Amino acid sequence: MATLDSLKQALREKAKATASSPKQPLSATQYSAGFNILMRGSGWITYQDFIIPQLSQLLALLFNSRIHISALEIGPGPKSILGYLPGRLKRKVRKYTAFEPNGLFATRLEEWLYSTSETESPLPCLENPPNIHRIPFVLQNIGSGTSTGTGNNDEKYDIILFCHSMYGMKPKHRFIERALEMLVERPQGGIVAVFHRDALHLDGLVCHRTASFPTGVVSVADDDEVLDCFAPFVAGFIMQAVDVDKAIRVKWRKVCRALGRREETHPDHLLFSSPNVMAAFTQHAITLPELMAQVPLAKGDKIVKNREARLHRPASIIRPTKVRHVQQCVRWALKHGVGLTVVGGGHSGHCLWPNVISVDMGAFDQVHILTAGEEDERKSDSNSSSLVVAEGGCKTGDIVTKTMAAGLTVPLGARPSVGAGLWLQGGIGHLARLHGFACDAIVGAVVISVDSGQVFCVGCVPSQHWPVGAVRPENETDLLWAMKGAGTNFGIVISITFKAYAAPTYSIRNWVVPLSDSLEAQLKLSDFDELVASKLSRNFSADAYLYWDNDQLHLGVAMFESSTSRQTFETPTPTPTPIGTVLGLEDNFKVVDSVGLFDTEMYMSGMYGENGGGKTSSFKRCLFLKRIGAVNVADILVAAVGTRPSPLCYLHLLQGGGAVGDVAADATAFGCRDWDFACVVTGVWPRDQDGTEAARTAVQWVYNVAGDLLPLSSGAYGADLGPDPRDAALAAEAFGPNRPRLARLKHSLDPHNVLAYACPLLKAPMEQKLIILITGESCAGKDYCADVWVSVFTRCTRKSLTARAVSISEATKREYAAATDADLNRLLWDRAYKEQHRPALTTFFQGQARQRSRLPEEHFLNVVYSAADVDVLLITGMRDEAPVAALSHLVPDSRLLEIRVKASEETRQVRRGCYGSNNNSDNKDSNNSGSNLTALDYRPSLIFDNDTTGNEAVKRFAEHYLLHFVHEDLQRLAHIVRQVPNFPCPGIDFRHVLGISQQPGGLALCTSLLQTHFTGDWAKVDAVACCEAGGFVYASALASRVNVPLVLIREAGKLPPPTVSVIKLSSHISSLASNNSKEKRIEMERDVVSRGSSVVVVDDVLSTGETLCAVLQLLDEAGISAEDVSIIVVAEFPVQRGRDLLRQRGFGRINIQSLLMFGGA
């Protein structure tokens, strides 16, 4: 299937070769017609499956860190892609500007954005009419022009978007640089996002983030009229002379039909590949010169083996020659929020990545051998008498050559040119059955942290190989564990320490067995597996190859025997009977050393006869299989070779077992241990066809075969996997049971995702983020409590949670220090100094807040945004009244709690000591000046009395009240709640909370959690009240469980008199589902509960709060005051501001609890 780009080139070549008439650009009508054809059917799938999800993910963090968003879109076409974002994102867009030179598109865009239909406007919260310029986006200053608005050279934007609109812009990097100049300066973090169908070559610009969609397809009807619109659109022009234009269109139809692919399901359509890329840039995109001034560039062309990587054009290739150079690379990446790739052997498809900096480790190429007595800094976990220290730029051949000269070896892979990436992610070689993987031989490493740029020594590192300034990290055990099987994700390796073994000599026997048909192939695989491979001792390994040669399927077998005694191999031994019976006479017998072994691989020497000697490129993916002779497995293997797109494609089956399975799955990061053969699906094509249809077809064949085998496999090999979305399914199976732990370590050890292009560690499903806001008076011990609670979350749970405590006041302190020349470090860490400046700090903050009305929200979002990688975030220094009600809508998918820390005046004075004066007014937080909680007009989620000394009471509080918010049962409950898009109307993502009761065990789980999460005392509760219909389901089950009477609240007229009633406005969903927003009355029986009783109101949801307000008013009419009422709901939707409404209506002091938090409706 040809790509649109290759189709464009072919159409232009045809026009150039056959027509002398001048060209002319497409008219707006012609362009529109071609665009409409492109977007029909499968063309929209690229938007649906790639562009909209990627843009939503990219913008979520940006939008969450801002109250309002201004957007500039270049060439949006008839509709803005921003209008297809999730509702909560597009509602933040308050200013929209576009440059759309196509008059038809500009008119349609205006009509669409001004839509007054019954459905919600695409950008419903614009503060001013959209400003649509009917002119191109140009490099010179953008001023006035023919537009619907006026240009302004000083306009700044949070997001600037090029969605398939850079065609014809040359040079492209200059247009992106122009856009970068138009990003807002404060707050930083604005983004220029580019979606493009071709590869983007942007000299000198560094991406913040990239993504690809290689499977995009465009389907075009095989119709003359359609092709006559489509072909000029792709070519980008028509011929000026009418007769010449008609003639060239006839030829263009033939080109389209020759290059397009037809499928049996749609024989009347032509298919073209339309791979897409996304590149996002921030204001840091132009900072490459800063790095180049510190670290040497690579000279000449870097030899990269991998075909995928060779097609990529990195922003630059840096070649550090000293450890500090690598540190500078990392610190530069951290400073500017960009990623890095690492080049070792050059076999990885993602060692080079478009517009990303590559770090070539080739200068670190030394191999050191330490025998017993030389290793003065060894650890006791190394049982070898010798160690090998290999630097991060070494190749397998370098290590094997040098160690063999010393009579030693390391169990590495089978190719001499592979580098550290392979050893760190497994490394399967012919000694694996005897000694394990390469990663199993790792006993230590020197690593540059991608979180800090520090040099870490982990495990056994001889002292003479410790770089200056190196330290052991606190999480050394975790880091060493991760390096042994997933190491490319967690740091840049300077050197690796291996345990060494005695160097063996190898004997190699080869067989090539022609196979007559699929049945014989299945039987032969079964016999080979059961009668040959399974009977071999550990010093043997048997590889099998399935390939097609000379119009016949073949099974090739290579058997390797290793021995440390060469005499064993001086004369060939007879082939053992079972092997001879199954495979026949061997083709050849060789004896080689470790270096000679590299040249004996059958894929290099024994397949395809004379046909495989040319230069080729390959693409491979590897899965782990058991029982390759089983019918279901063998059928897939044989069928795969039969469907190969190139004669040179093959399957390579490497034997496992032995020492591989001796290591427990969770003992190292390499968790896939239970397999008999690693099946390497290998697509091969002539190298001169790189980047052509032949290469793309071979790659897709590999993915197709891998997809067929995956359900039958024991996992996938992570060493080959990268950012390609087709790798996602394989990556999910790459680390066996270790994936959740690795995902958590990735967030801990690479929190900024510097190594974003390594094997994907798919994020394990996690609970909603828990954000705890810690408030209270000065010296009540807020920071101390936060630190203790962090330790409880990280150490006292069965799951490995990440938790962090931060101060929201740090931003104010930084601004204050800059304005007053105060010492920032002392403000942050010296309590006495901070107390001296507290009155001035408070005054400064209040002045800032008067000038910037949304300052508290900005500070809060910045803190949350900076801690996106943690599960539990504790924030001190809050200055807001009722912070949960005020802020929860800003982070609707997270749970917010407020813990008010109390302490007596005496205790606070003792803790203040000499730091403060006796003037209480100077030592109280600005959010509350009294310790008496009754002075608050709202109720904190929890209150902690911190008058005792020591941390035991603090820990008990967390264990009793906080840990259940991260319990797995809450996650189970959340997973039961089904999401229903576009219900009850378009744009609404409905959460079917009531559906919990329809799932097996759902009602029991929910009522159990309602009972245990209630912070009051059920023994003191007199009644459970509920409003129909959702409340009835959960409240009745809960009331029965806690043995408390039920108070039913229904619509007026459904309960017998006497009753009391109040007016209730329509709920959020009811108002959306119907235009009838008429008020209703709800009622309860007059004397069903006595005055002054303690009542718990139970409902299914808290959304706008209107229903609960009416319930509370009704209870008040019945003589139940707000002080005697608590509320607990199954799910809360903070974006609807229900808590804020309750507070405004005078119910702020009521305790409100919810089990789940959702961002939808």
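Trainee: What should I know before I start?

Mentor: Welcome! This is a predicted model, where local features need pLDDT of at least 70 and side-chain atom pairs count only at pLDDT 80 or more, while totals for chains, interfaces and linings use all residues. Residues are numbered from 1 along each chain as its sequence is written, and side-chain values use heavy atoms, with hydrogens and water left out.

Trainee: Let us begin with charge. How many salt bridges does the structure hold?

Mentor: The general idea is that side chains of opposite charge can pair when their charged atoms come close. A salt bridge here is a side-chain nitrogen of Lys or Arg within 4 Å of a carboxyl oxygen of Asp or Glu. By that rule, the structure holds 38 salt bridges. One of them joins the side chains of Arg261 and Glu263, at 2.5 Å from N to O.

Trainee: Are Arg261 and Glu263 buried, exposed or partly exposed?

Mentor: Those words have cut-offs: buried means under 20% relative accessible area, exposed means over 50%, and partly exposed is in between (1.4 Å probe, protein chains only). Arg261 is partly exposed because its relative accessibility is 35%. Glu263 is partly exposed too, at 31%.

Trainee: Which parts of the chain does the pair Glu290 and Lys335 link?

Mentor: Glu290 and Lys335 form a salt bridge whose closest N and O atoms are 3.2 Å apart. This pair links distant parts of the chain, with Glu290 in helix α9 (residues 288-292) and Lys335 in helix α11 (residues 323-336), 45 residues apart. Helices (H or I, at least four residues) and strands (E, at least two) are DSSP runs, numbered from the N terminus. Glu290 counts as partly exposed at 29%, whereas Lys335 is exposed at 54%.

Trainee: And where do Asp662 and Arg538 lie?

Mentor: Their side chains meet in a salt bridge of 2.5 Å, N to O. Asp662 is in helix α20 (residues 659-662) and Arg538 is in the loop between α16 (518-532) and β24 (540-549), so this pair also links distant parts of the chain, 124 residues apart. Arg538 is partly exposed, with 39% relative accessibility. Salt bridges can also share partners: Asp222, Asp224, Asp228, Arg253, Arg257 and Arg262 are joined into one network that way.

Trainee: Now to strands. How many of the 10 residues of strand β29 are buried?

Mentor: Nine of the 10 residues of β29 (residues 677-686) are buried, so this strand is largely enclosed by the rest of the structure. For its neighbours, remember that two strands pair if DSSP finds at least two bridges between them. Strand β27 (residues 616-625) runs antiparallel to β29, joined by 10 bridges, and Thr616 stands opposite Pro686. Strand β28 (residues 650-655) is also antiparallel to β29, with six bridges, and Gln655 has Phe677 as its bridge partner.

Trainee: Do β2 and β3 pair in the parallel or the antiparallel sense?

Mentor: Strand β2 (residues 69-74) and β3 pair in the parallel sense over six bridges, with Ser70 opposite Lys95. On its own, strand β3 (residues 93-99) is mostly covered, with five of its seven residues buried. Three bridges join β3 to strand β4 (residues 131-133), and these two run parallel. In that pairing, Phe99 has His133 in β4 as its bridge partner.

Trainee: What is the phi of Asp551?

Mentor: Phi of Asp551 is near 60°, a positive value in a residue other than glycine. Asp551 is in the loop between β24 and β25 (552-563) and is exposed, with a relative accessible area of 73%. Arg1137 is not a glycine either, yet has a positive phi of about 65°. Its place is the loop between β42 (1125-1132) and α37 (1138-1147), where Arg1137 is partly exposed at 30%.
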